[in-house]
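Reader: Hi! Could you walk me through this structure, please?
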Amino acid sequence: MAAPILRCARPGRCWSLDYRPRRSRALFAEPVPGRVRGQSSAAAQEPRPGAHEWAAVVGLEIHAQISSNSKLFSGSQVTFLAPPNSLVSFFDASLPGTLPVLNRRCVEAAVMTGLALNCTVNKKSLFDRKHYFYADLPAGYQITQQRLPIAVNGSLTYSLGVGAQWSPSATKTVRIKQIQLEQDSGKSLHDDTRSQTLIDLNRAEGQLRVDANVSVHHPGEPLGVRTEVKNLNSIRFLAKAIDYEIQRQIEELQNGGKILNETRAFDEKLGCTVSMRDKEGKQDYRFMPEPNLPPLILYDAESLPVAADPQQVVNIDWIRERLPELPSVTRGRLVEQYGILPEHSFVLLNEDGLLEFFQTVMKETRAEPKKVIGWILTIFLGYLKQRNLAVSESPLSPSSLAELLNLLDSKVISLPAAKQVFEELWQNQGKTPGQIIREKKLELLQNQEELEEICQAVLAKHPQQVMAVKNGNQKVVNKLIGIVRRATGGRADPGRIKQILEKQLQ
Amino acid sequence: MKRGISEVSHNLWPVASDAPSGAPGRAGPRRDGCGSGGAGSTSRELPFAGSDSEKASGPSPERIEHLERLALVDFRNREGVARLQAAIEFAGQLRAVDTDGVAPMASVLEDRCLYLRADDVVEGSCAEALLQNSQQTVEEYFVPPPGNITLPKQSEQGPVPKS
């Protein structure tokens, strides 16, 4: 047990954690002035006429597993899909006499997360024990950071999407109350046939888990009693559960009932929350300082002890310098560098590997960024999504696409022809765009003489239309252009055809 | 929303706000004779935040039951409860110390260096040895006794010892 996790508590604003949105929605509730808004198909949102308006407050507890080789307090491996209990050390099994030993990498990860989320990193933080009894917690307590966590008071700014289009129509900021390091529990499987529970202390499942705390109140009045909704294992259900719980609390209170400070679970099939409260009454975690771990002291460039062992010292400034470029900065840079729209930058960053793909294409093509973006975000991404592929699984390489766009840009082929070539390239038969164009004879007809000949031939075949044009009917010209295009097998640029025809019709 | 160290309002430890008025700045012992132990005397106040009757005569039966559920201990009989009360009184001696303006220690280790381990895999792969500790296993899983059994209610037990 004891895979390391970071826990972020976000009080105040309601939002949904979304790190790979395809069609993104952000759920939000504004405590002032009043109306609860959410994207829900549940009972009517409008309060009764004359009734007080309601405001909902939602806090999310996010448990995120740290990407490390070993666990937070022991040297056991952290990995998926290992045989049950095969990764467990004596400490993880809570054998008497074992002690926690803090993993340096986890501390660095927590500091990095705190910095990325604009938190104040506490140079001194403390570890506590949180006691409760459950079969997957053999020690009877979990080591966490309740009193004085490693980072506090941060914020995250994000944009909302509207409908299916990711167009940031509004920017919102959510507060981060704190970030703390804590142990994860083991995994329990319920064997219903034999009415028993099976415990695997390797680690709990899921790299990301969210619990939602929900309460409602009238604007201007004190906050209401909150409930905690657990067992939420997808963004969609998180949103549904919060929606439902807000409505449930409003209805309960409007009917004169009370909200109990309890834990609820979300029933996915019924789309509602149900009480998980057992008969034992309120949980008391009996927090106490972890006696086996001294305070965690972090340093910065100023406070760094001179003769310190670098292995034993975590330097906040050193970590800050090594923070990767944060998404908002990257997006701003892309917009400036390539002149693309902000919403494009969101999509580029939200799809794994897409940004790299785009940048590789840009390096190898003369085409304008705006045109490239169009191809990448609509055609390329469309093909991927239809076939449920990741960028890394694309049969088309960025170089191929770059070559294709170059040919299009230098008017060797028309746009419809380019799309045809794209389709061919997707079949991944090892041909280059150039080869496909030659094989399928998709080159634009560039030869002026040849074009003039074809136009002449068409005009000769359609004397009535020629007469109509000479009599002043301009619309017929378009018809003639269409005929010429068909005669060229779609390989002539309509603009040029028009020029030639107009000259010949004089 | 509730904040603070414990999620529950009861707190067995003496709280500074309980200091008797008329003795500002100094939380003296609240009763005569520290650590005198024994139960039943109604003249002294027990040093914990509880109801008035609890301050006089010790934790109530409901309190005992609550503690038993929280900690999964069984005070079992009059002697056990008496020991609990003695423990509370013993801890009450802390109130003899004036801690105004003094920050509490995190632990007695707090001036030591917290050792940081490198992120290497050095343990594990001892499932067999660990599983041998368990009375029941199923294919390399531990099988615990049925978890979180509801304790029998007060009325279902024998007469509850009263202090």
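Author: Happy to; below we talk about the chain interface, then the domains, strands and salt bridges.

Author: This is a predicted model, where local features need pLDDT of at least 70, side-chain atom pairs count only at pLDDT 80 or more, and totals for chains, interfaces and linings use all residues. Residues are numbered from 1 along each chain as its sequence is written, chains are lettered from A and ligands numbered from 1 in the order in which they are written, and side-chain values use heavy atoms, with hydrogens and water left out.

Reader: Thanks! How many residues of chain B are in contact with chain A?

Author: 46 residues of chain B touch 63 residues of chain A, where contact means heavy atoms within 4.5 Å.

Reader: And what area is buried between them?

Author: About 4,800 Å², with carbon and sulfur atoms giving 59%. Buried area is the accessible area (1.4 Å probe) that two parts lose on being put together, summed over both. Leu114(B), Leu116(B) and Arg117(B) supply 16% of what chain B buries against chain A, more than any other three residues.

Reader: Which elements of chain B are on that side?

Author: Those giving two or more residues are helix H2 (61-71), strand E1 (116-117), helix H4 (127-131) and strand E3 (141-142) of chain B. Helices (H or I, at least four residues) and strands (E, at least two) are DSSP runs, numbered from the N terminus. By class, that side of chain B has 26 nonpolar, eight polar and twelve charged residues. Here Ala, Val, Leu, Ile, Met, Phe, Trp, Tyr, Cys and Pro count as nonpolar, Asp, Glu, Lys and Arg as charged, and the others, Gly among them, as polar.

Reader: How many salt bridges cross the interface of chain B and chain A?

Author: The rule finds zero there, although the count over all chains is 22. A salt bridge is a side-chain nitrogen of Lys or Arg within 4 Å of a carboxyl oxygen of Asp or Glu. One of them joins Asp317(A) and Arg320(A) (2.7 Å, N to O). These two are separated by about one helical turn, because they are three residues apart in helix H3 (residues 316-321) of chain A.

Reader: Nice. Which strand of chain A do two bridges join to E1(B)?

Author: Strand E3 (residues 102-103) of chain A, and the two run parallel. Strands pair if DSSP finds at least two bridges between them. Leu102(A) has Leu116(B) as its bridge partner.

Reader: New topic: what domains does chain A have?

Author: Domain 1 (55-278), domain 2 (327-440) and domain 3 (448-505), with bounds from an automatic or database domain assignment. The C-alpha centres of domain 1 and domain 3 of chain A lie 69 Å apart.

Reader: Last one: how do E10(A) and E11(A) run?

Author: Strand E10 (residues 187-191) and strand E11 (residues 196-200) of chain A run antiparallel, joined by five bridges. Lys187(A) stands opposite Asp200(A). Four residues lie between the strands of this hairpin, where Ser195(A) takes a positive phi near 50°.
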